[in-house]
Amino acid sequence: MAEDPRVVIITGANSGIGLSFADRLLAIDPTIILCLACRNPSRADTARKTLLDNHPDAKIELVRLDTSDIKGIYETAKSIKRKYTRLDFLYLNAGIMPVTHLNWKNMFKAIFTPTQLFEMLTTGEGLLNLQDNMTNDGLKTIFSTNIFGHFVLIKELEDLLFESKGRIVWTSSSNADQSNFSLQDVQHKHGSQGYSSSKYAIDILNVALNEQYNQHGVYSHLVSPGVVATNITSTFFPAWMWSMFYPIFLLIRVFAPRFVIEPHLGAESMVWVFEEDRICIRPDRKYTSYSSGLGHSYVVPEEVEYESKAPMQLYSQLDKLYKMFTDKYTGRDNRSDNE
C-alpha cells in the first residue's frame with residue numbers, strides 16, 4: 001500500500017523567500033501536498049497559479065493565516081486539522097519588518113569604514129528605522145506576527161505534529177541580535193529594534209522547542225536566507241534602487257557571501273533542511289544561505305549565542321500568554337499543560 005504523500009505547510013508563501021522555496025521544493029518532490037498559509041487570499045491564489053504554471057501536476061492548497069490575528073489563528077488551526085491527517089513540515093516563514101526609512105546618515109558614515117559598512121548591509125544594524133504598532137489583541141505587531149502567532153499555531157497543531165513526527169522550520173534573519181532582546185521585554189515595547197528582537201527570540205525559542213518536543217519525535221530547525229531583495233525590503237529599498245545598485249551588490253557578495261540578493265538563492269537553507277536528516281541538524285545553529293560571487297549557493301551553520309536558561313524562560317512566557325489567549329478565545333482550560 002502506497003504511503004500517503006507528505007504534507008508541507010509554508011506560512012507567508014505568496015512572495016519572496018517563501019514562494020521561491022515552494023517552487024524549489026516542488027521541483028525536488030512533486031508528490032507532496034503543499035499548503036500555502038497566507039494572510040491575503042488573492043495574493044495566495046496568484047502564487048498558487050504561478051507555481052502551477054511551473055509544476056502543472058502539483059497539489060497546492062490554500063489556507064488563510066494572519067499571524068498578527070491571534071483569534072483567527074485558532075480557526076486556521078482547526079481548518080488545517082480538518083484538511084490533513086499528517087503534517088511533515090511546518091515552515092514558519094511569515095514576518096514583517098515595518099521600516100519607515102533608511103538611516104542614510106549612518107550609512108554614509110560607514111562608507112569610510114568598510115567592515116562597519118559590510119556589517120550594516122548584511123545585518124541592517126543601525127541602518128533601518130522601524131515603526132511598531134499594536135494589534136487588536138494588545139500585542140506589539142512585530143512580536144505577534146513574527147514569533148508569537150507562529151507559537152500559537154504550533155501549540156494548536158501539536159497533536160498533529162506529534163502523530164506525524166513532524167518538523168518545524170523557522171525563518172530567522174541575519175538581523176537577529178542578542179543585544180536587542182530582553183526577557184524582561186519580550187515584545188520589545190521599550191525599544192526601536194523590534195524586528196531584530198523578534199528574530200533573536202526565534203533563535204532561542206528554537207532551542208526550547210527541541211527540549212520540549214524531541215521526546216515526541218518532533219524537531220525544530222532554524223534557517224536564515226541571508227540578505228535578499230524581497231517584498232519585506234521593498235518598503236525602504238524599492239525595486240528600481242535594487243536594480244541601480246545591483247552591480248555593487250554583486251561586488252559586495254564577493255566579500256560578504258550572506259549578501260545572496262536573489263530569493264531563490266536565499267531559499268537554499270530551507271531546501272537543505274528539507275533534505276537533511278533531522279538528527280544531524282543542531283538546535284543551537286542557524287543554517288544560513290550564502291552565495292559565491294558567481295551565484296553558487298551553499299549553507300553555513302552559524303552558532304546561536306544565548307544564556308543557558310534563556311530559551312526555556314522565553315518558552316514559559318510565551319506559553320503563559322498562549323494559555324491566556326486560549327482561555328479567552330476558546331474557553332479551553334490549559335492550565336495543567338506542561339506543568
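A residue is called buried when its relative accessible area is under 20%, exposed when the value is over 50%, and partly exposed in between, using a 1.4 Å probe and protein chains only. By that rule Lys286, at 7% relative accessibility, counts as buried.

Good morning. The structure above is a predicted model, in which local features need pLDDT of at least 70, side-chain atom pairs count only at pLDDT 80 or more, and totals for chains, interfaces and linings use all residues. Residues are numbered from 1 along each chain as its sequence is written, and side-chain values use heavy atoms, with hydrogens and water left out.

I begin with the chain as a whole. The protein chain contains 13 helices and 10 strands; these are DSSP runs, numbered from the N terminus, with helices (H or I) of at least four residues and strands (E) of at least two. Of the 339 residues in the chain, 56% are buried. The accessible surface is about 15400 Å², and 52% of that area belongs to carbon and sulfur atoms. Such areas come from the Shrake-Rupley method with a 1.4 Å probe, and for residues only the protein chains shown count as cover.

A contact, in this talk, means heavy atoms within 4.5 Å. Among contacts in the chain with a separation of 6 or more, 74% are accounted for by residues 24 or more positions apart.

Let us return to Lys286. This residue is placed in strand E9, residues 285–291. Which residues does Lys286 contact, leaving aside its neighbours within four places in sequence? They are Ser172, Ser173, Ala176, Asp203, Leu222, Val223, Ser224, Val300, Pro301, Glu302 and Val304.

Next, the interior. In soluble globular proteins, nonpolar side chains tend to be buried together. A nonpolar core is defined here as a set of buried Ala, Val, Leu, Ile, Met, Phe, Trp, Tyr and Cys residues joined through side-chain atoms within 4.5 Å. The largest nonpolar core has 52 residues, and those with the most contacts inside it are Phe148, Leu153, Ile154, Trp170, Leu205 and Leu314. Helix H8, residues 194–213, supplies the largest share of this core, with eight residues. Another core, of 32 residues, lies apart from it and includes Ile17, Ile32, Cys38 and Ala58.

I turn now to helix H6. This helix spans residues 141–156 and has a kink of about 40°, centred on Phe148. The bend at a residue is the angle between axes fitted to the seven residues ending there and the seven starting there. Why is H6 described as largely enclosed by the rest of the structure? The reason is that 16 of its 16 residues are buried.

Leu157 is buried, with a relative accessible area of 0%. Leaving aside neighbours within four places in sequence, Leu157 is in contact with Ala77, Ile80, Lys81, Leu87 and Leu90. The C-alpha atoms of Leu157 and Leu90 are separated by 9.7 Å, although these residues are 67 residues apart along the chain.

How do the helices pack? For this, axes are lines fitted to C-alpha atoms, for helices over the stretch in contact, and angles run from 0 to 180 degrees between N-to-C directions. Angles under 35 degrees count as roughly parallel, over 145 as roughly antiparallel, 65 to 115 as roughly perpendicular, and the rest as oblique.

The axes of H6 and H13 come within 10 Å and cross at roughly 75°, which makes H6 roughly perpendicular to H13. Among the residues that meet there are Phe148 and Phe151 in H6, and Tyr322 and Phe325 in H13.

Helix H3, residues 70–83, packs against H13, residues 310–330, at an angle of about 75°, with their axes 10 Å apart. H3 is therefore also roughly perpendicular to H13. The contact is made by Ile70, Lys71 and Tyr74 of H3 with Tyr322, Phe325, Thr326, Tyr329 and Thr330 of H13.

Lys165 lies in the loop between helix H7 (158–164) and strand E7 (167–171), and has a positive phi of about 50° although it is not a glycine. His188 lies in the loop between E7 and H8, and its phi is near 60°, a positive value in a residue other than glycine. Which of the two is buried, and which partly exposed? Lys165 is partly exposed, at 47% relative accessibility, whereas His188 is buried, with a relative accessible area of 10%. Thank you.
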